[in-house]
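Please have the viewer open as you read.

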Amino acid sequence: MPAGFPDFRLGSVLATSFTATLTERRGDAVERIPTPQRLVDWLAVNGLAVESCTTTQLELARDLREAIHAAATAAATQDPLPASAVRTINECSIRGRAAAVLTPEGNRRWRLGSASGVEDALGVIAADAISIIAGERDGKLALCASPTCRAAFFDTSQSRTRRWCDMNTCGNRQKKARFNANQRKSPGSF
């Protein structure tokens with residue numbers, strides 16, 4: 001991957017990995033797909049290779065990303081799904097050849113449509129988001145406990161009590177901050 005761009009945060013759930021292309025949402029936000037080529041790179045890494053992407057398609061992808069994040073956040077906090085997010089997810093989903101559609105009640109329905117390239121890939125991502133938001137997969141949506149992150153993630157841990165979107169970033173950062181605070185409280189003690 002080209003130097004100068006932040007690494008992708010990859011997870012096991014396509015839809016929430018896609019929302020992680022914008023991180024530190026409540027801090028200094030990090031855009032991980034700043035260019036059309038970067039979206040092509042992300043799609044390829046996630047098994048959705050496309051040949052090219054336009055600026056318009058990149059904006060569509062970002063709109064979908066934010067809609068998934070809004071709907072996943074609402075689902076995680078047990079709030080009503082935002083109508084605009086549901087609409088955006090559904091519109092992207094039906095652009096693919098066979099797509100799942102999210103109802104306002106949080107259920108999945110299938111529709112047929114046609115699309116190509118980036119729109120097909122976004123349809124797959126939207127369908128994945130629909131399956132997790134609708135509660136069709138074993139796990140639960142949660143929000144990262146980091147005050148600067150607050151990323152939505154899909155918790156498949158046995159106890160469903162995971163606190164961090166990624167233990168290697170947010171979790172470690174919080175553990176280090178807690179350790180440093182404890183060291184300042186009791187200097188010289190080991």
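At roughly what angle do the axes of helix 4 (residues 83–94) and helix 5 (residues 118–133) cross? They cross at roughly 130° and come within 7 Å, where axes are lines fitted to C-alpha atoms, for helices over the stretch in contact, and angles run from 0 to 180 degrees between N-to-C directions. That makes helix 4 oblique to helix 5.

This is a predicted model: local features need pLDDT of at least 70, side-chain atom pairs count only at pLDDT 80 or more, and totals for chains, interfaces and linings use all residues. Residues are numbered from 1 along each chain as its sequence is written, and side-chain values use heavy atoms, with hydrogens and water left out.

Helix 3 (residues 55–76) also pairs with helix 5: the two axes come within 11 Å, and the helices are roughly parallel to each other (angles under 35 degrees).

| Helix pair | Axes come within | Crossing angle |
|---|---|---|
| helix 4 and helix 5 | 7 Å | roughly 130° |
| helix 3 and helix 5 | 11 Å | roughly 0° |

Residues of helix 3 that meet helix 5 (contact means heavy atoms within 4.5 Å) include Leu64, Ile68 and Ala72. By class, this contact has 13 nonpolar, one polar and one charged residues.

Isoleucine 68 is buried (under 20% relative accessible area), with a value of 1%. Among the residues that isoleucine 68 touches, not counting those up to four places away in sequence, are Phe18, Ile89 and Ile125.

Technical notes:
Helix = DSSP H or I, 4+ residues; strand = E, 2+ residues; numbered from the N terminus. Parallel < 35°, antiparallel > 145°, perpendicular 65-115°, else oblique. Buried < 20%, exposed > 50% of the residue type's maximum accessible area, 1.4 Å probe, protein only. Nonpolar A, V, L, I, M, F, W, Y, C, P; charged D, E, K, R; others polar.
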